[in-house]
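Please look over the following notes with the coordinates open beside you.

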Amino acid sequence: MTVERVSSIIIGMKLSFRKSLFAGLFAGFFYFKSVSEEYGKIKDYQANANITIDKEDMKAKITYLQPDKVRFDFSKPEDQVIVFNGETLTIYLPGHQAVLTQNANAEDSDAKGNAANLATSEGLSLMRRYYTVSYETSQEAVPLDEDKATGEVSEEKVVRLVLWRRTTSEAFRYIKLSITPKTKLIRRIEAVTPADVTYKIDFSDYEINQGLTAQRFSYDIPSAANSYDNFMF
């Protein structure tokens, strides 16, 4: 086989790979966009969340109200609460009898923006802007869990997307999203930091558009707790 022939084969393989890669990127991008649009229809929701940060497990009920209110009521750690009411972030740590608060005023637009974009269509749009989106393997649904040691797989299937950061300024090197195909709701988020710390959140039992009001995001600070204002600065 001549050198020219070998070269033409290699070039052909490269072109084929690039076409396949770009097709996968575009397909993943448009699927992700459709998920973002689906979240744009959600006025409010509640869901159960199992949260794992490295080896620490937590459980919470998440409540969200468009456009920027979110609340975490934890059962593990018991009675811990995180609330953002659109203006103030409040964190109650019962083990320390402490309440941490941070105002997100006009001068602090970055803090307000970060809090407001949690689990919303705007947040997904930001991820689309700052991360490259593609299918992990293909657009076909795959088992949510798979035990490689035993070969056992879960019956529940999801569409899995991978988001790679465009610049090193982003907090996570990459993010994996597992999407329920029928509803296009996020079933699992796995995010890995540059230091290889993994954040995993499993969402279940969504209750959508129940007519929740802003009153749900009011929080009365326990009288015995010590308060620490503007703890981020």
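1. Arg188 lies in strand S11, residues 186-192, where strands are DSSP runs of E with at least two residues, numbered from the N terminus. The model is a predicted one, in which local features need pLDDT of at least 70 and side-chain atom pairs count only at pLDDT 80 or more, while totals for chains, interfaces and linings use all residues. Residues are numbered from 1 along each chain as its sequence is written, and side-chain values use heavy atoms, with hydrogens and water left out.

2. Arg188 counts as buried because its relative accessibility is 7%; buried means under 20% relative accessible area, exposed over 50% and partly exposed in between, with a 1.4 Å probe and protein chains only.

3. The side chain of Arg188 forms a polar contact with that of Asp145 at 3.0 Å (a pair of N or O atoms within 3.5 Å, one able to donate a hydrogen and the other to accept it; residues adjacent in sequence count only if both atoms are side-chain atoms).

4. Rings of Phe, Tyr and Trp (its six-membered ring) pair if their centres lie within 6.5 Å, with planes under 30 degrees apart counting as stacked, over 60 as edge-to-face and the rest as tilted. By this rule there are eight aromatic pairs. Phe72 and Phe74 are stacked, because their ring centres are 6.2 Å apart and their planes stand at 20 degrees; Phe72 is buried at 12%, and Phe74 is buried at 9%.

5. The rings of Phe203 and Tyr206 are likewise stacked, with centres 6.2 Å apart and planes at 20 degrees. Phe203 is buried at 6% relative accessibility, whereas Tyr206 is partly exposed at 21%. Ring pairs join Tyr45, Tyr64, Phe203 and Tyr206 into a cluster.

Technical notes: Helices (H or I, at least four residues) and strands (E, at least two) are DSSP runs, numbered from the N terminus.
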